[in-house]
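Thanks for coming. I will take a few minutes to walk through one structure, starting with a charged pair.

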Amino acid sequence: MSPFRATAPITKSWDHFEFTVDDGVATLTFNRPEKLNALTFDVYADLRDLVTELPHRGDVKVLVITGRGRGFCSGGDVEEIIGELQKMETAELLEFTRMTGAVVKALRETPIPVIAAVNGVAAGAGSVIALASDFRVLAKSAKFAFLFTKVGLAGADMGSAYLLPRLVGLGRATELLMLGDKLESARAEAIGLATSVVEDADLTSTAAALARRLADGPALAYSTTKVLLTRELDMDLGSSIELEAMTQALLMTAHDHKEFYAAWSAGRSPQWTGR
């Protein structure tokens with residue numbers, strides 16, 4: 001565990017989804033297959049807290065998010081969330097929407113690579129959770145639907161209007177967020193929303209292979225790359241170059257960079273430690 005965790009304990013178990021860690025690879029599985037893994041208030045809160053804890057655990061180098069059954073995540077549960085929201089005052093509603101946004105903020109700001117292994121439908125908040133991940137590996141049967149306008153809400157939710165245009169361009173983001181239509185996996189790949197599309201039967205193994213590659217690689221280099229990609233989205237060129245210069249100078253003192261040179265000199269493969 002990180003020495004900078006202070007006295008707060010690491011959560012040992014999570015009640016509202018499955019969570020496992022195996023040799024540096026953490027896997028979070030939404031587990032409400034009878035409702036296509038629709039989210040509840042508790043799932044949102046636990047997801048936010050888990051992702052925030054991950055860098056402090058010390059045993060996680062990559063996170064895989066997937067769903068049990070036929071769906072990745074169908075968004076907020078109509079009965080357990082949308083029905084309850086009708087009873088809330090403005091201040092309570094704002095507390096809820098800030099919590100959902102905090103999930104995306106945590107996913108983008110964690111220095112750990114996140115892979116969304118999208119099986120079946122990713123709709124509403126489920127589509128934004130996949131969007132906020134670093135890699136999106138899709139089964140052929142997967143579908144996206146940013147369907148917020150179809151329930152009478154703004155298509156811009158949980159940071160989607162910030163992230164999606166930067167990934168697929170303003171024109172396509174406008175189409176997806178405003179119309180809320182289903183997006184098949186083939187088109188998701190064509191417009192750059194999917195990292196890759198594979199046969200349904202190959203989704204788990206493909207995501208696992210990518211996770212293994214990330215977990216076995218230079219973790220410090222991967223984490224700083226993610227942090228800089230996130231921070232530089234709104235920087236001017238000069239600020240970006242200076243930040244990258246300072247980062248590279250720092251990583252030139254790291255163990256992994258020295259290990260690369262030692263391995264190259266000896267004609268062997270590097271043994272990465274993430275330090």
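**A salt bridge and the helix behind it**

R231 and E109 join their side chains in a salt bridge, 3.6 Å from N to O. By salt bridge I mean a Lys or Arg side-chain nitrogen within 4 Å of an Asp or Glu carboxyl oxygen. This pair links distant parts of the chain, with R231 in helix 9 and E109 in helix 3, 122 residues apart. Helices (H or I, at least four residues) and strands (E, at least two) are DSSP runs, numbered from the N terminus.

Before going on: this is a predicted model, where local features need pLDDT of at least 70 and side-chain atom pairs pLDDT 80 or more, while totals for chains, interfaces and linings use all residues. Residues are numbered from 1 along each chain as its sequence is written, and side-chain values use heavy atoms, with hydrogens and water left out.

The cut-offs are under 20% for buried, over 50% for exposed, and partly exposed in between, with a 1.4 Å probe and protein chains only.

Now helix 9 itself, residues 219-231. Its buried residues are A219, S223, T224, K226, L228 and T230. They pack against strand 3, helix 3, strand 5, helix 10 and helix 11, where contact means heavy atoms within 4.5 Å.

Helix 11 covers residues 255-266 and holds Y261. Y261 counts as exposed because its relative accessibility is 53%.

Methods:
The expected span of a helix is 1.5 Å times one less than its number of residues.
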